[in-house]
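Please open the model in a viewer and keep the selection tool at hand.

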Amino acid sequence: MSMSWLRRGFLLSMLALASVALIACSSDDGDTTSGSNADSAASGESTLEKVKDRGILKCGISGSLPGFSQLEADGSYTGFDADYCRAVAAAVFGDSSKVEFVETTGANRFETLASGEVDVLIRNTTWTLSRDSDLKQSFAAPTFYDGQGMMVKADSPFQTLEDMDGATVCVNQGTTTELNLASQFLERGLTYTALTFETTDLLQEAFVAGRCDGWTTDKSGLASRRGVYPDGPDALRILAVTMSKEPLGPLTRHGDDEWFDIVAWVTFGTFQAEELGVTSGNVDAQIANPDSVAVALMLGVGYDGGDVTDMGLAVGPQFLQAVLKQVGNYGEIYERNITPLGLERAGSLNALWTNGGLIYSPPIR
Amino acid sequence: MNALTNFWYRSAYKRAIIQGAAILVVVFVGLGLAGQISNLENVHAPTFTSSPPFLTFDFLNARAGIALSHGLIFDIDSNDSRMDAILNGAWNTIRLASVLIGFASIMGLLVGIGRLSDFYLIRKACTLYVEILRNIPALLQIYIWYVVIWLTTPAITNAIQIDINFFGLELLQNFIIVSNKGFAIPWLVGHDNLGVWLFIGAVALVGAILLRRYLQKRQDDVGGNQRTNRYPILILLLISLVAYILLDSPFTGQTPHIIRSGAGGAIQNYQGGMVITGEFLAIVVALGFYTASFISEIVRGSILSLPAGQAEAAKALGLSAYQRLTLIILPQALRTMIPPLGNQYINMTKNTSIAVAIGFSDVVFATRTISNNAGHSLEIFTTLLVIYLVMALFISSVMNGLNWYVQRSGI
Amino acid sequence: MSDNTQPNSEISLLQRIRMIYEDSDAKSQLFKTKLHTVITLVSLVIVVWALFTIAQFLVTAEWQVISDKRRAFMIGRYPEEHVWRIWPTVWMFAGLAGLSSALWLRPGRRMMISLFIAAAIVSYLFLEFDSNALKFGFGLLLGLCGYALGYFTYTKVSLNALVVRIAVLGWVLLIPVILVLLFIGDAPSTNYWGGLFVNIILAAIAIVVGTPLAVVLALGRTKEGYPIIRILSTTIIEVVRGAPLIAWLFMGRFVLPFILPSWFGLNEADVIIRTMIILIVFNAAYTAEVVRGGLQAIPKGQYEAANSVGFNGWQTLRLILLPQALRAVLPSLINQYIGLFKDTTLVYLISVVDVLEVGRKAFNELAYTGTALEVLVFVGFLFWIVTWSMSNLSKKVEENLGLGTR
């Protein structure tokens, strides 16, 4: 008796499953459940079309690096990298909230980007040759110039790397710092043991316990983690030595120049806006009445009653308006996220080029 | 007759059609895959595979650029090749798996027998052990052993050093040192003549085995107790000992100690002895206890599957409880135990990959790092698959051999 | 209670144990010999000490983190305004569980009491008096109603048949209902899925879809006269079983997008969908071996008998082979499912935030430093409750099917 019911029920459930599949696959336009049904991996459909079809930007971030990208209690993400994700979304959709953040680890970020799971990776990632050529990624522009540092407990006697012969060093898996660590100790003729973790959380557990003598990653990352160290920031000290150059910036997949240009020029736009003194506070006034031709060109408005110049970027000439209104210029983004970490901007490489730093935008014209 | 042939043809046709269709599907899927992969050239492909031709493994010869630790015999330094790094990872997996197999088997055997104890407390304790441990994910147990237990052992600056003193005689200082850098225990160190001594030992071993055969044959022929075990072992020991003295100590024991380096000697490391890292130990203990709960079920099931008459008869013969267990029950239970045990061993070997969670550089860990630096996830995944298949095949062939031996010899 | 249900097997087991170990047939075990007495006393001390330590831990531990993160533990960062998609299935499950336990398990007082204690603990830990408490209470109420319905219609034959049909249909529709609710309309992306919810849904899908697949694979592997089908099934099963789940999960995340065809956007499916595919195939391969064991245990005579009454292949399979095979391997089948449920914790490696990962993130937060043990104990308890009830359920079903006694 129950057998026949089982069978009917089974058929019903299969029908229901099939309908679910149909719903899931056919509702691409309005919602966020799945990607478009075109085969972009093989046919190379443009990332921009894909993002627009989906209605939301998928952005790869770290998620556990205060100041860069950090999950807040209310489920939102804050930080420098998260703000750049929002800036790209603002440029594409005019709405900086249309971002879906995808947490990645140092060891899986490139595959996440390559497989199309995210559209852009903004995860304090260092620009290197092999990542351009071997991994076929395109770095837009460095948004943060950093260097690899070494953090030790404040009460230890270490001042230089030479002091650390034989040390056990905690390091994140799949990072450039893992590679630099090896070459730095090799060059200095020092021995060391690397203790490699995929997640920073567990690395910190090990470091707190005294399992490692040093903790190495980008100096900004060290400062960020130092701020949330269980025994307080004063329990830790970052050595003066800078072990490498670490230019960090957003990256996209090789081969989609249109999308690359958008990400690159959103980044440059934030630099340019700061240089020209356009902030989220005065952008509306500048749109109505631009100070200079350069500002007018940047914001995609006419100067002194003139026409708008469209330079042909796929997101239209006014893409920076929403970016600046909703996210702000580079200075504002830096001030909001990095300054609280205690990383002084003045005098560093991250100052504007006019102030002796490296933050420099090619002309927007 | 006609109907019968008709039927036969029909069924043969049916088979041919069904199987032909299966082949077609396989070919179709295979071609589709190949086409899909070779079409991937421009945008995404290079991270995934070299394009085209895909499935080339040259990139594995490049310099690894990273160091991998946790190796017992050798660590990998940054100048070794990527292939070396993967092989080092595989070696770490094998090492972990073999220690685990030993540990979990012994634990499992004890708990399995304990669950059948006539003594209420032991029986309940073992039942509790199994019911709790096997129902909690292995990963969670690894976290408990590593984060909650292992990392809270003292840092090496406050290492616990266990000495062995005998009536005021300081026999062995630093016999065992424990800190969260690991567990350092005494170990043997080989000197110049180790090779010679090993050779002599091997020859002596062969001689001893031959002697035992001879004595056994004589015992069968002539009768009487020819002490088939005692004399060969005595001779083997004697030869090894004499050789050891004559060769001027080809190996000696060595206790671990702590050396200091770095500024002001602030960095402390173990030297000498054998160091088992905390990560390794946490995984061995966590997975060992976990898998032992499954092995104990196999042991218990095998013992219970024996006919009750076996135990009764043994009891009637006046064998003691210990004799009944070791001479009658366990040897017979072993026969039903071996096939499921082999499965558990293979599962356990695969389970060691959970070790990546706490940064143990096993083969999965090594391949993940390489693939992150060099791309080529398809090639690397293929390599990983082959390595695990080889390990599984090895274990199952050993277990099959064991099974064959046990069934044949009837112990 | 359970001791009384099967007195024969319990006594015979003890008797057999004594035959193995005991030298004399002394009655009292605890103080039989001096050694026994010593062990008894020592274990008494250990038990008292352990109970004390556990009690001390339970009282002094900082459970605040569990209470603060209760939402994350259950559903991760699933948006608040979409939680309505989850509650109906919880209610449906509660009602069905109550109904089915009355219909098929006939639980005793003890089981019902422990159920209520568990519910009380959950409410104490998780709920402030808000709308969620009401929703949870509604679920409990539905469970009770279901139980009452099953209990009071048990003796009324015609009603009972109807109720049984409703229960069966309900269980069959449970997963489709969950999926429809989770995907219909403007649903949040699967990236927002998290917590215990992910573990349960991944395991459930892998079991529901993987098992039929497993039967097909097992039949393929045992089918005589079809060598190619046999080789094919064997290869699939053995290759999948050859590598650890972790490797397959990485494969699902990093290799699958490149090799899946583009039908229905399959190659761009979310991580969770790809994880589901991997878990379905993984579970199917392992379950296939379990089912194969059952199929091979069926005596040849059964096939011949089925043939002689004129059953065709499909009828033989459905009416003769599968019922017997599945019943014979039910314990191993449940064990496989339990293992799968525990294995879903590994999805954290491909950035799916399951309940254990929620916990790990929680105890690494600055505010909750040093709460690792509390969090791990709590998450372990959650898993233990689910797996333990699954294995108890299987024992109960085994008893009802009369396995091992015929």
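Begin with chain B and colour its two domains separately: the C-alpha centres of domain 1 and domain 2 of chain B lie 27 Å apart. Domain 1 of chain B comprises residues 87–155 + 278–409, and domain 2 comprises residues 157–271; such bounds come from an automatic or database domain assignment. This is a predicted model, in which local features need pLDDT of at least 70 and side-chain atom pairs count only at pLDDT 80 or more, while totals for chains, interfaces and linings use all residues. Residues are numbered from 1 along each chain as its sequence is written, and chains are lettered from A and ligands numbered from 1 in the order in which they are written.

Next, select the boundary between the two domains. Seven residues of domain 1 of chain B are in contact with 10 residues of domain 2 of chain B, where contact requires the C-beta atoms of two residues, placed from the backbone, to lie within 7 Å. The side of domain 1 of chain B that touches domain 2 of chain B has five nonpolar, two polar and no charged residues. In this classification, Ala, Val, Leu, Ile, Met, Phe, Trp, Tyr, Cys and Pro are nonpolar, Asp, Glu, Lys and Arg are charged, and the others, Gly among them, are polar.

Now display the whole of chain B as a cartoon. Chain B contains 12 helices and eight strands; helices (H or I, at least four residues) and strands (E, at least two) are DSSP runs, numbered from the N terminus. Of the 411 residues in chain B, 38% are buried. A residue is buried if 20 or more other C-beta atoms lie within 10 Å of its own, exposed if 12 or fewer, and partly exposed in between, with C-beta atoms placed from the backbone. Among contacts in chain B between residues at least 6 apart in sequence, 65% join residues at least 24 apart.

Select residues 194–222 of chain B, which form helix H6. How far apart are the end C-alpha atoms of helix H6 of chain B? They are 41 Å apart, which agrees with the 42 Å that its 29 residues should span at 1.5 Å a residue; the expected span is 1.5 Å times one less than the number of residues. Gly223(B) follows H6(B) and has a positive phi, near 90°.

Move on to His376(B), in the loop between helix H11 (363–374) and helix H12 (377–409) of chain B. Is His376(B) buried or exposed? His376(B) counts as buried because it has 27 C-beta neighbours inside 10 Å. Its phi is near 60°, a positive value in a residue other than glycine. Most residues other than glycine have a negative phi.

Turn to chain C, which has 18 helices and zero strands. Buried residues account for 38% of the 406 residues in chain C. Among contacts in chain C between residues at least 6 apart in sequence, 78% join residues at least 24 apart.

Show chains B and C together and select where they meet. There, 44 residues of chain C are in contact with 52 residues of chain B. The elements of chain C that give two or more residues to this side include helix H2 (7–21), helix H3 (34–60) and helix H18 (372–401). Which helix of chain C gives the most to the side that touches chain B? H18(C) does, with nine residues. By class, this side of chain C divides into 29 nonpolar, nine polar and six charged residues.

Within chain C, select Ser351(C), in the loop between helix H16 (330–343) and H17 of chain C. Ser351(C) has a positive phi of about 65° although it is not a glycine. With 19 other C-beta atoms within 10 Å, Ser351(C) is partly exposed. Then select Tyr303(C), which lies in helix H14 (residues 300–308) of chain C. Tyr303(C) is partly exposed, with 15 other C-beta atoms within 10 Å.

Finally, colour by pLDDT, the predictor's confidence in each residue, from 0 to 100. Chain C has a mean pLDDT of 82, and 86% of its residues reach 70 or more. Over residues 1–11 of chain C the pLDDT is below 50. In chain A the mean pLDDT is 85, and 88% of its residues reach 70 or more. Over residues 22–43 of chain A, pLDDT stays under 50. The model scores ipTM 0.85 and pTM 0.85.
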